[in-house]
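Open the model in your viewer and keep the sequence panel beside it. The stops below go from the whole chain to a single residue.

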Amino acid sequence: MSSVVDLLVKDAGLLVVDGDREIPGGWLAVTNGRVAAVGPPGREPEARTTVSAGGRLVTPGLINTHHHIYQNLTRSYAPAVNGTLFDWLTTLYPLWSALDEEAAYVSAYVGMAELLMGGCTTSSDHLYVHPRPNLVDAEIRAARDIGFRFHATRGSMTRSVEDGGLPPRSVTQTTDEVLADSERLIKAHHDPEPGALIRVALAPCSPFSVTKEVMTATAELAERYDVRLHTHLAEDHDEDAYCLETYGCRPVEYFEDCGWMSERTWVAHCIYPNDDELRRLADAGVGVAHCPSSNMLIGGGTARVKEMRELGLPVGIGCDGSASTDHASLWMETRGALLLGRYRGGPGAMTARDALDLATRGSARCLGRADELGHLRPGACADLVVWDLHEVALAGALTDPVESWLRCGPARAWTTVVGGRVLVDRAEPVLPGLADALRDHGRIARRMQGAE
């Protein structure tokens, strides 16, 4: 470590390095966007910039493994809020057909600001409606403008309602269009190097929205370019019925038949696999994005997280779409995982540290980045959060700052750092384009919802 570091975060009440090391009163030094050192109080190096944690909890940045950011343009849309998953989708697809490059950019900019405020330093996004070209490029441009760590997953739908699917033709594409644009995006934007801010994964929406040809060809394309795969899987009982009727098998069997059962893959929700299917997913190393709030609001079940982790599946946290969850706070989702885990399995089934591990190291495994994300060991990407809870909320919470972080609340990110850059300071985003993005977002949302 050089004599003067780029950034020093000091005076933490507790610094959580990873699931095995916590440092009371700790500090963390950053050089060239990487964690250079961590230590106990009294050994702090000199730094060009110093952030005082003020006795607050400091953790690795939270990682979002499943999202549909563009949906923040149709949050809490009244005609859809009380429907089933399929009802909800068919109500909103026509609105989303208005998505264009400006809307994709603005929704991404606002959505990433919201994620940063909720302690998220890395997010994937599953953009699967493509009524117009270059929508994923627009999201990536927003991430670069902000300096946010972003895994863009190129979603797709080819099976419209005319072909026995759910979406209208206006938001689907042909197989050739999907595969050509997937390859273009990888070549244009995917950065395989360590510390990358931008990566690309391939993500057909679901078994009921693309053909088998798209599923298998996408898996082959991902293998050729060494990128990851993502999709929804086993999310709803209607999906079971659809796959049995259309393909003559259950969703997990179809998923495997398409060549997706591999360590390259992580899936969203995964609520309804049976015991044998769960073991097969675990044996293959498939990761799961657990989405607590979305599962509860849509009215379905929830992933068997405790059993999944015992089997060795990588399990991370996802906030899911901004029109099903209606927020993008990874703190809320991590707290939801704590509550749901205990609700399902009793008080011993999930602790606050377990939930934090899901949102950091578990999520990093899902994205294939466990070596450099999800922890604060020297050499890791310098992605971290200083958390703030009001002193009224913390009154009496004296013995365990990690449990207090999720049991008390609400918590907010006081400081969010991505790659050594401070992007939230004193609970406010440090994003010069945010005011303009919010103004444009309001205009576009009103137009899309017919509320002008």
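The tour begins with what kind of model this is.

This is a predicted model, in which local features need pLDDT of at least 70 and side-chain atom pairs count only at pLDDT 80 or more, while totals for chains, interfaces and linings use all residues. Residues are numbered from 1 along each chain as its sequence is written, and side-chain values use heavy atoms, with hydrogens and water left out.

**Select the whole protein chain.** Colour by secondary structure: there are 15 helices and 19 strands, both being DSSP runs numbered from the N terminus (helices H or I, at least four residues; strands E, at least two). Along the principal axes, the C-alpha atoms fill a box of roughly 65 × 45 × 45 Å.

**Colour by burial.** Of the 452 residues in the protein chain, 60% are buried, meaning under 20% relative accessible area with a 1.4 Å probe, protein chains only.

**Show contacts.** A contact means heavy atoms within 4.5 Å. Among contacts in the protein chain with a separation of 6 or more, 75% are between residues 24 or more positions apart.

**Select threonine 122.** Which strand holds this residue? Threonine 122 sits in strand S9, residues 120-127. Is threonine 122 buried or exposed? Threonine 122 is buried, and its relative accessible area is 0%.

Leaving aside residues up to four places away in sequence, threonine 122 touches Leu62, Ile63, Asn64, Phe148, Arg149, His151, Leu367, Leu373 and Asp383.

Terms used: Buried < 20%, exposed > 50% of the residue type's maximum accessible area, 1.4 Å probe, protein only.
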